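These are reading notes for a colleague who has the coordinates open. They are set out as numbered points.

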Amino acid sequence: MIKVEKLNKKYKMGGETVEALKNVSLDIEQGEMVAIIGPSGSGKSTMMHILGGLDRPDSGEVFVDEESLSKLSQRKLADYRNKKIGFIFQTFNLQPDLTSIENVELPLIIAGKNSKERKKLAKEALTKVGLGDRLKHKPNELSGGQRQRVSIARALVNSPKIIFADEPTGNLDSKTGANVLELLKKLNKDEGVTIIIVTHDNDIAEQCDRIVRMKDGEIQK
Ligand SMILES: Nc1ncnc2c1ncn2[C@@H]1O[C@H](COP(=O)(O)OP(=O)(O)O)[C@@H](O)[C@H]1O
Ligand SMILES: [Mg+2]
C-alpha cells in the first residue's frame with residue numbers, strides 16, 4: 001500500500017548539513033500496524049512528514065496505492081492529506097480557541113461537508129474515542145489524554161485508510177498512553193486502518209505487527 005523508495009533529505013543549518021534521511025526504503029502493507037523506533041534525531045519525524053505529504057524529499061519516491069506523491073498536483077496532495085490519511089502529533093496541534101467538536105469539524109470543512117453533516121460526523125468520531133460528553137470543551141479544559149483523543153477523532157473523522165502518529169503518547173503518562181494505544185489498535189483491528197506509529201516506548205512497539213528501527217537517517221537491517 002505504501003512503498004518508500006530511496007528517500008534522501010538534507011537540512012542545511014548555518015554552515016552545517018544534516019543528512020536526515022539516507023536512501024530510506026520501506027514497504028508497508030494495507031492493514032499493518034508498524035512501529036518506528038530509534039534515537040532522537042534519527043530521521044523518524046522527517047520520514048513521517050514526507051509520507052504524510054507535509055514535506056518533500058530531495059530525492060526518492062513515496063508511492064501510496066501506486067500513486068507517486070511527488071507527481072500529485074497541489075490540489076491532489078491536499079486531498080490526500082485531507083481524506084486518505086490522518087496525522088497525529090505528539091503535541092496534539094489542536095486549535096486552542098475551538099471546542100472539541102469544532103476542532104474535529106475542521107477537516108470536514110476542508111472536505112466541503114455542510115454544517116449539519118459536520119456536527120453529526122464530528123460527534124460520532126468524538127464518541128468513538130470516548131469523548132461524547134466533552135463536545136463543548138476547549139483544549140485547556142481537557143486532560144492531556146483527552147486532548148490526544150480529540151486529535152485522534154480529528155485524524156479519523158474523514159475515514160482515512162492510513163494514520164500516521166508521531167510519538168502520540170510522548171506527552172502522556174504511561175497509563176494514559178496505553179489507553180491511546182488501545183484506541184489505535186482497535187481502529188487497526190476493527191476498521192483495518194493502516195497505522196504507522198513513531199514511539200520511544202518499547203512496550204508500545206512490541207504490540208505492533210512489526211518494528212522498523214532507524215539510526216542516523218537509515219533503516220537498520
Ligand atoms: N527543519 C529542520 N531544519 C534543520 N534540521 C532539521 C530540521 N528538521 C530536522 N532536522 C534535523 O534532521 C535530523 C532528523 O530529525 P528528525 O527527523 O526530527 O528526527 P527524530 O524524529 O528521529 O528525532 C536531526 O539531526 C534534526 O536536527
Ligand atoms: Mg521526531
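Predicted model: local features only at pLDDT ≥ 70, side-chain atom pairs only at ≥ 80, totals over all residues.

The points below take the ligand shell, the helix packing and some single residues in turn.

1. Ligand shell. The residues around ligand 1 are Y11, M13, V18, A20, G38, S40, G41, S42, G43, K44, S45 and T46. Strand 1 (2–13), strand 2 (16–28) and helix 1 (44–51) each give at least two residues to this shell. Helix 1 has the largest share, with three residues. By class, the shell around ligand 1 has four nonpolar residues, seven polar and one charged.

2. Helix 1. Is helix 1 mostly covered or mostly uncovered? Helix 1 is mostly covered, with six of its eight residues buried. Those buried residues are K44, T46, M47, M48, I50 and L51. Just after helix 1 comes G53, where phi is positive at about 70°.

3. Packing of helix 3 on helix 4. Two packed helices are described by the angle between their axes and the distance between the axes. Helix 3 (residues 100–110) and helix 4 (residues 115–128) have axes 9 Å apart and pack at an angle of about 120°. The two helices, helix 3 and helix 4, are therefore oblique to each other. The crossing of helix 3 past helix 4 is right-handed. On the helix 3 side the contact uses S100, I101, V104, E105, L108 and I109, and on the helix 4 side R118, K119, L121, A122, K123, A125 and L126. The residues of this contact of helix 3 with helix 4 divide into eight nonpolar, one polar and four charged.

4. Packing of helix 3 on helix 5. Here the axes of helix 3 and helix 5 come within 8 Å, and they cross at roughly 30°. Helix 3 and helix 5 are therefore roughly parallel to each other. Their crossing, helix 3 with helix 5, is right-handed. Helix 3 contributes S100, N103, V104, L106 and P107 to the contact, while helix 5 contributes V150, A153 and R154. Sorted by class, the contact of helix 3 with helix 5 has five nonpolar, two polar and one charged residues. S100 and V104 of helix 3 take part in this contact and also in the contact with helix 4.

5. Packing of helix 5 on helix 6. The axes of helix 5 and helix 6 (residues 174–191) cross at roughly 15° and come within 9 Å. Helix 5 and helix 6 are therefore roughly parallel to each other. The crossing of helix 5 and helix 6 is right-handed. From helix 5 the contact draws on G144, G145, Q148, R149, I152 and L156, and from helix 6 on T176, N179, V180, L183 and L187. The contact of helix 5 with helix 6 has five nonpolar, five polar and one charged residues.

6. R147. Which residues does R147 contact, leaving aside its neighbours within four places in sequence? R147 lies in helix 5 (residues 144–156), and on that basis it is in contact with F92, L94, P139 and L142. R147 counts as buried because it has 24 C-beta neighbours inside 10 Å. R210 is 63 residues from R147 along the chain, and their C-alpha atoms are separated by 27 Å.

7. Most residues other than glycine have a negative phi. F92 has a positive phi near 70°, and S159 has a positive phi near 50°. F92 is in the loop between strand 6 (85–89) and helix 3, whereas S159 is in the loop between helix 5 and strand 7 (162–166). F92 is buried, with 20 other C-beta atoms within 10 Å. S159 has 12 C-beta neighbours inside 10 Å and so counts as exposed.

8. T99. Where is T99 placed? T99 is in the loop between strand 6 and helix 3. T99 counts as partly exposed, with 19 C-beta neighbours inside 10 Å. Leaving aside neighbours within four places in sequence, T99 is in contact with L135, K136, H137 and K138. N8 lies 91 residues from T99 along the chain, and the C-alpha atoms of T99 and N8 are separated by 39 Å.

How values were computed: Residues numbered from 1 in each chain as written. Chains lettered and ligands numbered in written order. Near = placed C-beta within 6 Å. Helix = DSSP H or I, 4+ residues; strand = E, 2+ residues; numbered from the N terminus. Nonpolar A, V, L, I, M, F, W, Y, C, P; charged D, E, K, R; others polar. Axes fitted to C-alpha atoms, helices over the stretch in contact; angles between N-to-C directions. Parallel < 35°, antiparallel > 145°, perpendicular 65-115°, else oblique. Left-handed = near helix turned anticlockwise from the far one by under 90°. Contact = placed C-beta atoms within 7 Å.
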